[in-house]
Amino acid sequence: MDIDWKPHRKDTQPLYMQIVDYVKGKIREGEWVIGMVLPSQRELADLFEVNRSTIVAAMDELKAEGIIEGRGKGGTKIIRDGLPSIIQPNWQAYIEEGIYIPNFKTIKQINELEFENNMIRLSTGEASPSLFPTNKMSIILNEVAKGMKNLGYEEPKGMYYLREQISKYLKTYGICVSPSCILIVSGALQAIQLIAMGILQPGSSVFLEKPSYLYSLQILQSVGMKRFGIPMDEEGIKASLIPKYIRKHKSSILYTIPNFQNPTGIVMSQRRRKQLMEVCQKEKIPIIEDDVYRELWIDEKPPIPLKSLDTHGLVLYVGSVSKTLSPGLRIGWIVGPEPVIDHLADMKMQSDYGSSSLAQFTVGKWLETGLYKEHLLFLRKELAIRRDIALEILKKHFYSLATWEIPKGGYYVWLRLKDPINMYKLFDESCKIGILLYPGYIYDVEQNPYLRISYSYASIEELKTGLVKLSQLIHRMKSNHI
């Protein structure tokens, strides 16, 4: 909740009554609605920068006027506007009846806190602002300004120029595909959403690695899909288990991140990729290959994509520049059989009438000029430095607390705590000391003692400070048996 107002201490009106009037004003203006749950008293005290007793007095007054009511663990809700002449629709009922399921509480907290200036973001899965290629972007934008003829809508599959450049780029991976089989999308998340809504029926099963990034989101469940996790080992998803899962759950598709899997960082071996393709071909189960981390290798190039092994049109290949260049460009792509791409392109036109022409042309120029390849060389070197610093700190401060594998690329270290502690409490306490991280329970339906630590976003100084403070917090919680 955003509150950009504070009560005036020099005003003759008591602070608590100023807050009461503020709440009434928000309701009257339609910004806060009937059925809306207010933050806790402690949170409100922080937001208004007053004592908790002031909030208690304001809440008591609002309750006395019949505007709010307390519902125990359900929180304090707005139950009427307090203004007889105004009849407000029950927006909360509309929200609850909508098809989209809200994010997990932890994810919503992270999304809000990531924009607080005092937070050390060990959670963020993107490159640090210091790694943004400002100079190269200036060159590219100059080229864009000279070459951009208009900013009108593009054809349903996206700008042909960009699809042509992506087609050439994918050949370096062994993926030979014509521009007609490429759809430009607004990032990998939109790609997954379009695929789920466009080719699957409600109630279909989506098989994921266990744990998986897609467990942290509700986009599949919101459109009526069921998620089922398949265990992994050091080579990736256990392909031999897939037939057993298919027999139990028909009408299904497999989603996988074969390179620097989120959150574990595992790279699927070449042997496992071939096995996975053989199993899925035999079972006739399509694959969504999410390959947004491919170019973030540090030690060695990952094996060739599943799509490059695909001779039966089995794989829908998803790529993006969000992890490598800029998430703000919102440009990704889907590669697949032409009828599927045609259908998904029609869906995209119905949803947003195409991704930004300016962003598409910009990404096309990055690929055509070769500056994208140059930037990737720089990015890998910087990620290697950051990874090694993170590993050095972990070795010094976490050796008695956790175990981990050395990531060969990507953005994350997947930590397993040696001793059980309350992971929900750890997340809350880390937020209080200014550290954001992703607890393992959001990636798996089962609670587990894991943490995903990002070394890509925070400054190197923040990375050092954040990890040391986190280790001290875990030590305290262990000592207090929390």
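This is a predicted model: local features need pLDDT of at least 70, side-chain atom pairs count only at pLDDT 80 or more; totals for chains, interfaces and linings use all residues.
## Two crossing helices

H1 covers residues 15-28, and H3 covers residues 52-64. Their axes lie 8 Å apart, at an angle of about 50°. The two helices are therefore oblique to each other.

Which residues of H1 and H3 meet? From H1 come Leu15, Tyr16, Met17, Ile19, Val20, Val23 and Lys24. From H3 come Thr54, Ile55, Ala57, Ala58, Glu61 and Leu62. Sorted by class, this contact has 10 nonpolar, 1 polar and 2 charged residues.

## The nonpolar cores

The largest nonpolar core has 80 residues. Leu426, Leu451, Leu467, Leu470 and Ile474 touch the most other members. Helix H14, residues 371-397, gives this core its largest share, 8 residues.

Take Leu451. Setting aside residues up to four places away in sequence, Leu451 touches several residues, among them Val413, Trp414, Met423, Tyr438 and Pro439. Leu426, Leu470 and Ile474 are also on its list. A second, separate core holds 31 residues, including Val144, Val177, Ile182 and Val363.

Is Leu376 buried or exposed? Its relative accessibility is 3%, so Leu376 counts as buried; the cut-off for buried is under 20%. Leu376 sits in helix H14.

Leu376 and Leu296 are 80 residues apart in sequence. In space, their C-alpha atoms are 7.8 Å apart. Beyond its neighbours within four places in sequence, Leu376 contacts Glu295 and Thr324.

Notes: Residues are numbered from 1 along each chain as its sequence is written. Side-chain values use heavy atoms; hydrogens and water are left out. Axes are lines fitted to C-alpha atoms, for helices over the stretch in contact, and angles run from 0 to 180 degrees between N-to-C directions. Helices (H or I, at least four residues) and strands (E, at least two) are DSSP runs, numbered from the N terminus. Angles under 35 degrees count as roughly parallel, over 145 as roughly antiparallel, 65 to 115 as roughly perpendicular and the rest as oblique. Contact means heavy atoms within 4.5 Å. Ala, Val, Leu, Ile, Met, Phe, Trp, Tyr, Cys and Pro count as nonpolar, Asp, Glu, Lys and Arg as charged, and the others, Gly among them, as polar. A nonpolar core is a set of buried Ala, Val, Leu, Ile, Met, Phe, Trp, Tyr and Cys residues joined through side-chain atoms within 4.5 Å. Buried means under 20% relative accessible area, exposed over 50%, partly exposed in between (1.4 Å probe, protein chains only).
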